[in-house]
Amino acid sequence: MDLEYGKQYEDYRLEVQEFCKKYKGVQFNDTAKIPLASNNKSGGPVMARSDWQKILIENGYFARSIPKEYGGYGGDSDIIKSRITATEFSNQRIPGPMGGQGIDMLVPTLLELGTEEQKNKFIKPTLHGEMIWCQGYSEPNAGSDLASLQTKGELIDGKWIINGQKIWTSTAQYAQMMFCLVRTEPEASKHAGISYLLVPMDTPGLEIRPLVDMTLQAGFNEVFFTDVTIPGENIVGKRGEGWAVANATLGHERGSLANPNATMNRLNMLINRMKKETIDGKKLIEIPVYRDRLLKIQGKIMAFQSHALRILSSKLNPGQDVKIGKMIQKLVGTELRHELEGLGIDIMGELGTLYEDSPYLRDGGSWQFTYMYYLGLIIGGGTNQIQKNIISERGLGLPREPKVQGV
Amino acid sequence: MYFGLSEEQTFFQDNVKKFLVDQAPLDVIRQITAEKNTSIQEEIRQGLTNLGLNALLIPEDYGGLGLDLLFAAAVSEGLGSGVAPIAFTGSYVMAPLAIMHGGSDVQKENYLTKISSNTVKFGVGLSEYIGAREDAELIINGNKVNGKALFVIDADDASHFILSDDQGTIFIVDADDSGLEIIELTSVDKTRSYVEILLNNVTAEILDNTVKNNNAIEKTIDAGRIMLAADSVGAAQVMIDKSVEYAKERKQFGRVIGSFQAVKHMCAEMTAELEPCYAIVWHAAHCFDYIPEEARLLACQSKSHISEVTKMVAKKATEVHGGMGFTDLLGLHYWFKRIGMNRQLLGSPELVRDEAGKIQGF
């Protein structure tokens, strides 16, 4: 066990701290477009979200290992530096880089499997926040069983003509582009009949309908395709290879849904609230039943945070086996965060139910919002029941559920 | 940066596990728990002493191996996995640490050397400092002690006991003192022994640096809690492994039960909850020696959190085995009870969490 990063990294930390000081309280004048962005009112520099993105790239705080010619920083990938950056930004409440499915999923996919032309065309504007992507995977009849998707793509005169429907498409209303899975080889077997296509959202025949979720925000959309026609070269990988292309980066999404450090920051917010909030004039933190629930979840979060160190270590030390350790992250992380947000509601009792613009609202209603939002994440990104199948089948070697005949 | 057990720690742990699998399989555990202090138990003790378990934490100057608490945690995990019918947490972790942190140079020289050479063996009873039950209480008056200590651990063939009063003053008494009466307590966990000790004007040797100084007792209890937590992790992992194995073999409705999601999901839930327990208990053990400002909270939280997770594992693993899990025949209950005992020793989860709250000023 060695938890030290070494002197070069401590120097790097000082450098990041200096950066954070310079941009303390940075505000964006166009955040309305970005879901879940933090509202900063503390009088720092004001700029567009995409300008902030460029500053982060120039300093190597984002897109660090992506080559310069594709708009990245062009350095070596360094997990420890990334971690130090994330920790310092979080401590100083400096907004991190824009995420989203284009950056988190499409860019790694193109880097691995895209043509040179696709890399040149798409990666830079995506990294710089100028091209927003949405993911067209799920369909009304293809959820957990994603490979049964039916949206059809036909190659006619060198152009793809797409018909069908996608659902749970977050950010479709802001996106310029969609990467999607489409059935192009109807004769092939289920998994071998899918292609990975890139669709401009302004193509005629494409219709977006917002889907309001339980948080009362339109976090998702339905997207309908009626003879949507796109260039034949807008395919990543070959025809029928879409399932493999999508799976090359799917694992990436699962891990990122539940960051233990964010959960720990949220716990610290809860502790501060419990030191202020009172019942009959008594502070919640001093009331044994509430205090015990707080400490109980703190233990869970600490374990999950230590676990993240072990996962980090496995990336730095090839040969360290944490196979199952990685598989559990989405399940444990999302359930834990949901439980924590629920505790935030419980400790406030009736006050905890207040929402939107109500008087007596606490922390902007964020405990209710995030409690519901994380229920969405428990279901999304591979439901937690599917995660349990993955852990038990791929991790523990238990057999798959037998196929029912005739289905 | 490296987070995990080192190659040496893993190697040592594997040796402990292998020793127990070979020398203390279930029928031997059964035999030992039916009748204490048999020659076969003595052989197992001797075998583990040969591996150096008694001298693990003692500095080399006193004839020990000078290893750190993470090493001991790795060993404890191994002992839990084999429900080892021997003393460890009290005799070879808490006792040496109490003396290392609370003893004078003379006391260290005297006792640590003897622990490494296996010429004294300590039972340990600090329950009255953590939270006294019944009328248990020890009163020190000069060099004499009166009162009662409950749930003294590792008392089997102990030559001495390490006890404390409710202020955290730690003292040593000789097991042969005529004012000392040992009464065995029969618990569900028969793999280790628990006693109560009545003291009537017993001569005590007070550890010099523990008078009006809680540092030694806190370190000792923290380490003990980390060991019990690691022991439970080892035991719980075996319960999961046995469940998965059973689920792959046992057939009902024409298929192995491990192909039913109801069963598979129980296995996945146990795994998902237990996996982070390794990380927190290793982290706690590491901080105990190297990052003291984080150590106390991690020790408390690893003990209480692991107690909760392993309780769940013990229940679900038994359920996966169906009716067989409930029988004595299968012997799964030895692991179930070991976990149940570890949960209560040195503070039940609620008590330990309360302490975690105090550490943070809540």
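The domain assignment divides chain A of this predicted model into domain 1 (7-98), domain 2 (131-241) and domain 3 (257-395). The centres of domain 2 of chain A and domain 3 of chain A, taken over C-alpha atoms, are 33 Å apart. Five residues from domain 2 of chain A and eight residues from domain 3 of chain A take part in the contact between these two domains. About 530 Å² is buried between domain 2 of chain A and domain 3 of chain A, with 72% of this area on carbon and sulfur atoms. On the side of domain 2 of chain A, the residues A:Ser144, A:Met214 and A:Thr215 supply 76% of the area buried against domain 3 of chain A, more than any other three residues. The side of domain 2 of chain A that touches domain 3 of chain A is made up of two nonpolar, three polar and no charged residues.

The size of an interface is often expressed as the accessible area lost when the parts come together. For chain B and chain A, the buried area is about 4000 Å², of which 65% lies on carbon and sulfur atoms. B:Met1, B:Tyr2 and B:Phe362 account for 21% of the area that chain B buries against chain A, more than any other three residues. The contact between the chains involves 43 residues of chain B and 47 residues of chain A. Between chain B and chain A, 20 residue pairs are in polar contact, both residues of each pair being at pLDDT 80 or more. At least two residues of the side of chain B that touches chain A are supplied by each of α8 (215-249), β9 (255-256), α9 (261-290), α10 (292-320) and α13 (349-359) of chain B. The largest share, 16 residues, comes from α9(B). By residue class, the side of chain B that touches chain A comprises 21 nonpolar, 12 polar and 10 charged residues.

Side chains of opposite charge can pair when their charged atoms come close. Over all chains, the count comes to 43 salt bridges, and six salt bridges are found across the interface of chain B and chain A. A:Asp292 and B:Arg353 meet through their side chains in a salt bridge with an N to O distance of 2.7 Å.

Within chain A, A:Asp11 forms a salt bridge with A:Lys7, and their closest N and O atoms are 3.0 Å apart. Both A:Asp11 and A:Lys7 belong to helix α1 (residues 7-22) of chain A, where they are four residues apart, about one turn of the helix. A:Asp11 is partly exposed at a relative accessible area of 38%, whereas A:Lys7 is exposed at 61% relative accessibility. A salt bridge is also present between the side chains of A:Glu339 and A:Lys300 (2.9 Å, N to O). A:Glu339 is in helix α10 (residues 329-346) of chain A and A:Lys300 is in helix α8 (residues 288-316) of chain A, so this pair ties together parts that are 39 residues apart in sequence. A:Glu339 is partly exposed, with a relative accessible area of 34%, and A:Lys300 is partly exposed, with a value of 26%.

In chain B, the side chains of B:Asp328 and B:Arg30 form a salt bridge (3.1 Å, N to O). This pair links distant parts of the chain, 298 residues apart: B:Asp328 lies in the loop between α11 (322-325) and α12 (333-344) of chain B, and B:Arg30 lies in helix α2 (residues 26-34) of chain B. Relative accessibility is 46% for B:Asp328, which counts as partly exposed, and 25% for B:Arg30, also partly exposed. Elsewhere, salt bridges that share partners join A:Asp292, B:Glu308, B:Arg343, B:Glu350 and B:Arg353 into one network.

A:Gln150 is located in the loop between β3 (133-136) and β4 (152-156) of chain A. A:Gln150 is exposed, with a relative accessible area of 54%. Leaving aside neighbours within four places in sequence, A:Gln150 is in contact with A:Glu139 and A:Arg183. The C-alpha atoms of A:Gln150 and A:Glu139 are separated by 7.8 Å, the two residues being 11 residues apart along the chain. A polar atom of the A:Gln150 side chain lies 3.1 Å from the backbone oxygen of A:Ser148.

Conventions
Residues numbered from 1 in each chain as written. Chains lettered and ligands numbered in written order. Predicted model: local features only at pLDDT ≥ 70, side-chain atom pairs only at ≥ 80, totals over all residues. Heavy atoms only, no water. Domains from an automatic or database assignment. Contact = heavy atoms within 4.5 Å. Buried area = accessible area lost by both parts, 1.4 Å probe. Nonpolar A, V, L, I, M, F, W, Y, C, P; charged D, E, K, R; others polar. Salt bridge = Lys/Arg side-chain N within 4 Å of Asp/Glu carboxyl O. Polar contact = N/O pair within 3.5 Å; in protein donor to acceptor, adjacent residues only side chain to side chain. Buried < 20%, exposed > 50% of the residue type's maximum accessible area, 1.4 Å probe, protein only.
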